[in-house]
Amino acid sequence: MNSLVRISHYIDSTEVLGPGKRFVIWFQGCKKKCHNCINPDGQAEQGGSLVSVEDIFSEITNSKGIQGVTISGGEPFLQFEPLQELVDRIRRDTRLDLMLYSGYTMKELKRRLGETTLKDFLQKIDIFIDGEYIESLDTGSMYRGSDNQNIYFFTEKYRSFARQIYEAKSREIEFDVRTDEETYMIGIPPKNFYHEFIKKVGEVR
Ligand code: SF4
């Protein structure tokens, strides 16, 4: 099986979205519409581009020196079939670890997919972060946009760091400048940063 997946973009190596150097892929499309969403370009369900899971997997295996893959969005669970396929392929054919974001809570995901399907899937994920972005709860926490979000450690790999990760208040962002017209912000920005930044860029232009 080689499903197509609609993605916004990917980057073959960054250190700002999870432990160590990681390949990061942003799925396209999200229905949550969080106030001051930290990735508004990722919301349109028909935006981004369609690529095959196999092609993404090849890009991942071509990326040198990474220790894991982070899947973010948009909302990855809106494309559950290709998401499963990608995760299974990474698990089966690499030693990379997996970090996954969803704007849905665990409870919402159980309702959408059923408890057994969700449990079977999530046991392959090392770090899972759930829940929508709530700006008033954005306190600069590591890996989380806002403190309503939970961090789950479904494997042993990072479980011993759970407390440190939960308590850390550190975030970094990077800019991936590809062309004059195309620049991506990587990582979770400080509160209001994205909207202020876009406003300033607009003023400069
Ligand atoms: S879940 Fe994430 S991508 Fe979706 S609207 Fe909220 S902040 Fe934006």
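**Close-up views of a predicted model**

**View 1. Lysine 33 and asparagine 36 are two residues of one loop region in this predicted model.** Lysine 33 counts as exposed, because it has 10 C-beta neighbours inside 10 Å, and a residue is exposed if 12 or fewer such atoms lie within that distance. Lysine 33 is placed in the loop between E2 and E3. Its phi angle is near 55°, which is a positive value in a residue other than glycine. Asparagine 36 is likewise found in the loop between E2 and E3. Phi of asparagine 36 is near 55°, again a positive value in a residue other than glycine. Asparagine 36 counts as partly exposed, because 14 other C-beta atoms lie within 10 Å.

**View 2. A shell of 15 residues surrounds the ligand.** The closest residues of this shell are Cys30, Cys34, Cys37, Gly103 and Tyr133. By class, the shell consists of 5 nonpolar, 6 polar and 4 charged residues.

**View 3. An open sheet is built from 7 strands.** The strands follow the order E3-E1-E2-E4-E5-E6-E7, and their pairing is mixed. Strand E3 (49-52) and strand E7 stand at the edges; each has a single partner strand, so one side of each is left without a neighbour in the sheet. On average, neighbouring strands of the sheet are turned by 25° against each other, with direction ignored.

**View 4. Strand E4 pairs with E2 and with E5.** E2 and E4 run parallel and are joined by 5 bridges. Within this pairing, phenylalanine 23 has valine 69 of E4 as its bridge partner, and tryptophan 26 stands opposite serine 72 in E4. E4 and E5 also pair in the parallel sense, over 4 bridges. Here the bridge partner of isoleucine 71 is leucine 100 in E5.

**View 5. The residues of strand E4 are buried.** Because 5 of the 5 residues of E4 are buried, this strand is largely enclosed by the rest of the structure. Gly68, Thr70 and Ser72 point one way from the strand, whereas Val69 and Ile71 point the other way. Glycine 74 lies in the loop between E4 and H2. The peptide bond from glycine 73 to glycine 74 is cis, with omega near 15°.

**View 6. The largest nonpolar core contains 32 residues.** Tyr10, Phe23, Val24, Ile25 and Ile56 are the members that touch the most other members of this core. At least two core residues come from each of the following elements: strand E1 (4-14), strand E2 (22-27), helix H1 (53-62), strand E4 (68-72), helix H2 (80-93), strand E5 (97-101) and strand E6 (127-130). E2 gives the most, with 5 residues. In soluble globular proteins, nonpolar side chains tend to be buried together. Which residues are in contact with isoleucine 56, leaving aside its neighbours within four places in sequence? They are Val5, Tyr10, Ile25, Val51 and Leu86.

**View 7. Helix H3 (residues 106-113) and helix H4 (residues 115-122) cross at roughly 120°.** The axes of the two helices come within 7 Å. On the H3 side, Leu109, Lys110 and Leu113 take part in the contact, and they meet Glu115, Thr117 and Leu118 in H4. The residues of this contact divide into 3 nonpolar, 1 polar and 2 charged.

**View 8. Methionine 142 is found in the loop between E6 and strand E7 (150-153).** Methionine 142 counts as partly exposed, because it has 15 C-beta neighbours inside 10 Å. Not counting residues up to four places away in sequence, methionine 142 touches Ile165, Ala168, Lys169, Ser170 and Arg171. Methionine 142 and arginine 171 are 29 residues apart along the chain, and their C-alpha atoms are separated by 5.5 Å.

**View 9. A hairpin joins strand E8 (residues 174-177) to strand E9 (residues 183-186).** The two strands run antiparallel and are joined by 4 bridges. The hairpin passes from E8 to E9 through 5 residues. In this pairing, valine 177 stands opposite threonine 183 in E9.

Terms used
Residues numbered from 1 in each chain as written. Predicted model: local features only at pLDDT ≥ 70, side-chain atom pairs only at ≥ 80, totals over all residues. Core = buried A, V, L, I, M, F, W, Y, C linked by C-beta atoms within 7 Å. Buried ≥ 20, exposed ≤ 12 C-beta atoms within 10 Å, placed from the backbone. Contact = placed C-beta atoms within 7 Å. Near = placed C-beta within 6 Å. Nonpolar A, V, L, I, M, F, W, Y, C, P; charged D, E, K, R; others polar. Pairing = 2+ DSSP bridges. Axes fitted to C-alpha atoms, helices over the stretch in contact; angles between N-to-C directions.
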